[in-house]
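Open the model in your viewer and keep the selection panel at hand. Each stop below says what to select and what to look for there.

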Amino acid sequence: MDGGRCEGLAPDFRDAGGCWGLNCPSVSAGGFSAGRLPDLAVGRAALGLEELTRMSKNNFDVQNPPCVLCGWTDNCPEKYGEKRTYVEYNLTLHNYCLLMSSGIWQRGEEDEGVDGFLIEDIRKEVNRAARLVCNICRKKGASIGCVAPKCKRSYHFPCGLQKECVFQFMEDFRSYCWEHKPVQIFPDKESREPSQCAICLDLVEHLPLYSVLRSPCCKNTWFHRECLQYQALSAGIFFFRCAVCNNKDKFQKEMLRMGIHIPEKDASWELEDNAYQDLLQCYQHCDIRRCLCKNGRDYNKPDSKWEIKRCQSCGSRGTHLACSSMKSWEQNWECVECRSIFAKGKYSKRKKHSLATSEKKDGTACLLEEPSAKLPRQSPGSQHNCLLQSPKIMCQNNLSPCSLLERPTSNRVAMSLSPLMSNRNFSLRKKHLRMQRKEASNILKELKQQINTKTTRLNINTENIWKSALKGFRQRNFRPTNTIEVKFTNCKSRIKTDSFTGSKHLFFQLLMLHLQNSSLFEGSSAKNLSVDPQALKENLYFEAGKMIAVSLVHGGPSPGFFSKILFDCLVYGPENVKPNLDDVADADVAQTIKKIKYSESLSSLQSTMHDCYDFLAAAGCLRPVTALRDKDMLVNDLLIHHVIKRITSPLESFRQGLKTLGLLEKMEMHPDAFSSLFCHKPENLSAEALCDLFTIHCSPGVKKVGGADFWMGYLQDVESGESVVTLEDILFFATGSSSIPPIGFDPEPTIKFLALSYPIGNRLLNCLELPITRTYENFKNKMEFTIRSTLRGEKE
């Protein structure tokens, strides 16, 4: 998780659940900013501990006193250890500052002084450090020294983190400066291509960097240092191990040598109160739509026909033995959701034929019945595949769940599926993205409450979408909080006036596509801002940000083409983002930086710099190099210039536009949720997604069950390519939009089965009115003829 950081912290230490940006608890309540107190070191040297304590009481916020060893007020346990104030001793200490101080030892018992460090020893250490100057910040009070022979460098603990020193939290707690720190040996023949961090799954470079660590037990397994540190703090010494092979001893020994702090405590998940209480509760509820028990669905009597049997796969659904015609507890039973997940989901022609036959017999669709528990569970390869999960069916009178199909509040399985089911049906990454998009949808719905009923009309010419959109957004009466109505001026007059909603969806879709391919952005698929002086002069970056904000809040599509570096600059600020080579959009610039980065000797580095003299001068990076290690800082400065500093003005203008309707503020508060909208393309439509999207409203006396089966079967035919229309065509026919907008539809899409000759798409209400037919083939023919004819006419 990338993010902002407190002033003065190491740039490669990411958020570990604590101190970041405006949420940092280290920001003083008394009015001064977080970080080092400017006069504290001078006061320590001149006045000593007692005067310093008195000065702190008089001049600083007593609610957030500084550490007497480093002088920092920051309270970031993940970086500096727990900050504690001992009122009786007038002492405030960071735990790591105390542990790493060179002139103090734990001479007392664990319950004496501060964790075994005697108070008089702490006072002596503070007075000793007051005479030592930090080699990094040049302030006095440096209590930590490098243990390398003949090295006389001293520094504060936070300064050491910033300078990439290594602190070993083991044995006698040794500290190494930036020149003498231990390093890992990387074989020359090993691949230098970036790979995924085994913890966060983001790319990690195979280079001897402080921010990169290699597993000692697994070949070609790499981690970000910050990811390992966060995992170690969470897992503790008992559970911290290699994420790939689970090696503990060898892995911990190497990580301790490289400065990873592994606390001697139990894992955080083991310390939560009642963390596993839910595992002690068994699900006891009959979910069969025709429960036969007179005592209710929650009644459970063991060793009888009213004993509740739980689903063998998910355990989150149940049935009375009698309700599923089960004779004994030993019989296997599986709920509808799990059966539909295991099935392939392909609606075969044989199944369609059986559906029509069964409807002729008794007028009901047998596929929605609970199959008998006596039948064995069908394998995924069986020819008798189940349909999609049953759609949401609501009675027309009061919109309550239809009595013929009782379902839980969600169409998805409530509890975690078995590992086999997870591996077969969806990846964890996609599931995580869906959760993030759902969170973003809820936030956008909150922002939409600002929209009033006053209407602003935009006259749009599709042949010049950008010019007409810019004119509409800059007109005097345009307000982002007004309801937007779109009219295409270059379309034929015979288009119906009830398609204004569809026109708005189409307008925002065309607008996002134009922005993606415009000169305001550069890159291939993941784009960063470009530098267009004319666009900057005309304030077009602001207008682009404003259009994206309006699109998201008014129900338009998400951009989906932002690079991760651009999104991070927007939500965390450019000063808190560290770019890499993949973020450079210009191929020639990236190639030049690569030559510098992978120079293998000092002479080749100097030769490369001589060849690209003008390139370095333009970036303000001309400097003498005396060692090969100087290339790392040079490469970092080049990346910051070409990826971040170069676009400072466009970025700030773009951020101001995104503040429209309060969108940027929500992005900063919920970066993960909005990253799924800005940096990832929406998932392709699926039959399951459309089935979940539409709610079926049924009228009394209408045979809705057969219609629901026909609808689900048709969606699966379309998905498998056995139709002349697409799922996008169906959605566009009903709502006027070919994709599901991030905010969702308003009103929510519905389906009604009526006595019609052909289906009707009511886009004002997002309602799909479908005909009642006797056979599936008749239903399919009517759907395809109507949708295809309607869309062809609109395209013309």
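One convention comes before the tour: a crossing is left-handed if the near helix is turned anticlockwise from the far one by less than a right angle, and right-handed if clockwise.

**Ground rules**

The model is predicted, so local features need pLDDT of at least 70, side-chain atom pairs count only at pLDDT 80 or more, and totals for chains, interfaces and linings use all residues. Residues are numbered from 1 along each chain as its sequence is written, and side-chain values use heavy atoms, with hydrogens and water left out.

**Whole chain**

Colour by pLDDT, the predictor's confidence in each residue, from 0 to 100. The chain mean is 78, and 76% of residues reach 70 or more. Now select residues 1–60: pLDDT stays under 50 there, and the model has 135 contacts beyond four places in sequence for this stretch. Contact means heavy atoms within 4.5 Å. Do likewise for residues 395–426, where pLDDT stays under 50 and the model has 65 contacts beyond four places in sequence.

Switch to cartoon. The chain has 27 helices and 21 strands. These are DSSP runs, numbered from the N terminus: helices are H or I with at least four residues, strands are E with at least two. Of the 796 residues, 50% count as buried. Buried means under 20% relative accessible area, exposed over 50%, and partly exposed in between (1.4 Å probe, protein chains only).

**Stop 1: the cores**

A nonpolar core is a set of buried Ala, Val, Leu, Ile, Met, Phe, Trp, Tyr and Cys residues joined through side-chain atoms within 4.5 Å. Which residues have the most contacts inside the largest core? Select Phe507, Phe562, Phe654, Leu663 and Phe678; the core they belong to has 78 residues. Helix H15 (residues 540–553) supplies the largest share, 9 residues.

Centre on Leu663. Beyond its neighbours within four places in sequence, Leu663 contacts Leu444, Leu447, Ala549, Leu552, Leu658, Phe674 and Phe678. Then move to a second, separate core of 38 residues, with Cys97, Ile122, Phe157 and Cys177 among them.

**Stop 2: a helix pair**

Select H17 (residues 587–597) and H20 (residues 630–644). Their axes come within 9 Å and cross at roughly 165°. Axes are lines fitted to C-alpha atoms, for helices over the stretch in contact, and angles run from 0 to 180 degrees between N-to-C directions. H17 and H20 are therefore roughly antiparallel. Angles over 145 degrees count as such, under 35 as roughly parallel, 65 to 115 as roughly perpendicular and the rest as oblique. The H17–H20 crossing is left-handed. Show side chains: H17 makes the contact with Val589, Ile593, Ile596 and Lys597, and H20 with Lys631, Leu634, Val635, Leu638, Leu639 and His642.

**Stop 3**

Most residues other than glycine have a negative phi, and most peptide bonds are trans. Select Asp115, in the loop between H3 (95–100) and H4 (119–129). Asp115 has a positive phi of about 55° and is partly exposed, at 30% relative accessible area. Next comes Lys150, in the loop between E3 (144–145) and E4 (154–155). Its phi is positive too, about 70°, and Lys150 is exposed at 86%.

Go on to Pro747, in the loop between H26 (727–735) and E19 (750–754). The peptide bond from Asp746 to Pro747 is cis, with omega near 0°.

**Last stop: Thr750**

Thr750 lies in E19. Buried or exposed? At 13% relative accessibility, Thr750 counts as buried. Leaving out residues up to four places away in sequence, Thr750 touches Phe694, Thr695, His697, Asn766, Cys767 and Leu768.
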